[in-house]
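Me: I am new to this structure. Please show me how to read it, one feature at a time.

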Amino acid sequence: MGKQILMVVTSHTDMQEGKKTGIWLSEFAEAYLAFQEYGYEITVASPKGGTAPIDPSSVGDQTPQEISDAAKHLENTKKLDDVTEEGFQVIFLPGGHGTMFDLPENKKLQQLLREFYEAGKTVAAVCHGPAGLVGATLSNGQPLIAGKRVNAFTDREEAATGLGSYLPFLLESKIRDLGAIFVAAPNWNTHVEVDGNLITGQNPQSTLAVTKAVLSKLGN
């Protein structure tokens, strides 16, 4: 099998009242660059395909050049409907508040997550990326994350952003409602949970730790 990773990002650009959102660039870029460094071929897909939006709050004067440069890999994403599970070893969902709007209900993503997970392939997500997991069910109809140790952006961290009222739901609360064992660390601490072939991380600070856990699972 070739060394191939599927990264799925949001296409969603707006929260309420004209507040812009999208992908949190460092979460995408840090993972992308690390996978690339280890020789993986990466396919980036999104619900709408084409240019995927970057959350303007995730870039600024302090953004490292290599992170800014990685934005070019978001300019021509593949449409999620045109992607199959075949040939990939990992599906990775970086975050950004945009994921909260278009990933939970995406039927194609739900299908891919089920296929990857049940084939024993690695399913990984960080920060708000686990929003993509909340609609996923296994072939037996159970939520994919039920009974599993899961980590994601916490309700406390969301309160600190002041953006919770703009969101369709709170991610930690939703994950708990689905029967997952939510394991939280203090705000902004690096934290990763590995439960079998499911790997999840809490916040932007956890991206590299999630990526390393994925690479370790792949034997790197």
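**Reading the model**

Reply: Start with N203, which sits in the loop between β9 and α7. Helices (H or I, at least four residues) and strands (E, at least two) are DSSP runs, numbered from the N terminus. This is a predicted model, in which local features need pLDDT of at least 70, side-chain atom pairs count only at pLDDT 80 or more, and totals for chains, interfaces and linings use all residues. Residues are numbered from 1 along each chain as its sequence is written, and side-chain values use heavy atoms, with hydrogens and water left out.

Me: Is N203 buried or exposed?

Reply: Buried means under 20% relative accessible area, exposed means over 50%, and partly exposed lies in between (1.4 Å probe, protein chains only). N203 has 0% relative accessibility, so N203 counts as buried.

Me: What is N203 in contact with?

Reply: Contact means heavy atoms within 4.5 Å. Leaving aside neighbours within four places in sequence, N203 is in contact with V126, C127, F153, E157, W188, N189 and T190. N203 and S165 are 38 residues apart in sequence and 19 Å apart in space, C-alpha to C-alpha.

Me: C127 and W188 are on that contact list. What is the phi of C127?

Reply: Most residues other than glycine have a negative phi, and most peptide bonds are trans. Phi of C127 is near 65°, a positive value in a residue other than glycine. C127 lies in the loop between β5 and β6 (149-150). C127 is buried, because its relative accessible area is 3%.

Me: And what of W188: where is it placed?

Reply: W188 is in the loop between β7 (181-182) and β8 (192-195). W188 has a positive phi of about 65°, although W188 is not a glycine. With a relative accessible area of 37%, W188 is partly exposed.

Me: Now the helices. Why does the span of α1 agree with its number of residues?

Reply: The expected span of a helix is 1.5 Å times one less than its number of residues. Helix α1 (residues 25-37) has 13 residues, so it should span 18 Å, and its end C-alpha atoms are 18 Å apart.

Me: Which residues of α1 are buried?

Reply: They are L25, S26, E27, F28, A29, A31, Y32, A34 and F35. These buried residues pack against β1, β2 (41-46), α2 (65-69), β4, β5 and α7 (207-217). Just after α1, G39 takes a positive phi of about 85°.

Me: What do the buried residues of α7 pack against?

Reply: They pack against α1, β4, β5, β8 and β9. The buried residues are T207, V210, T211, A213, V214 and L215. A209 is also in helix α7, but A209 counts as partly exposed because its relative accessibility is 25%. A209 touches T190 and V192, not counting residues up to four places away in sequence. Just after α7, G219 takes a positive phi of about 90°.

Me: Which residues of α4 are buried?

Reply: K108, L109, Q110, L112, L113, F116 and Y117 are buried. They pack against β1, β4, β5 and β9 (198-201). E115 is found in helix α4 as well. At 29% relative accessibility, E115 counts as partly exposed.

Me: Which residues touch the most other members of the largest nonpolar core?

Reply: In soluble globular proteins, nonpolar side chains tend to be buried together. A nonpolar core is a set of buried Ala, Val, Leu, Ile, Met, Phe, Trp, Tyr and Cys residues joined through side-chain atoms within 4.5 Å. The largest one has 36 residues, and L6, I91, L113 and I175 touch the most other members. β1 (4-8), β4 (90-93), α4 (107-118), β5 (122-126) and α6 (171-177) each supply at least two residues of this core. α4 gives the most, with five residues. A second, separate core of 29 residues includes M7, I42, V44 and A52.

Me: What does L6 touch?

Reply: L6 touches T43, A45, V83, F88, V90, I91, F92, L112 and F116, again not counting residues up to four places away in sequence.
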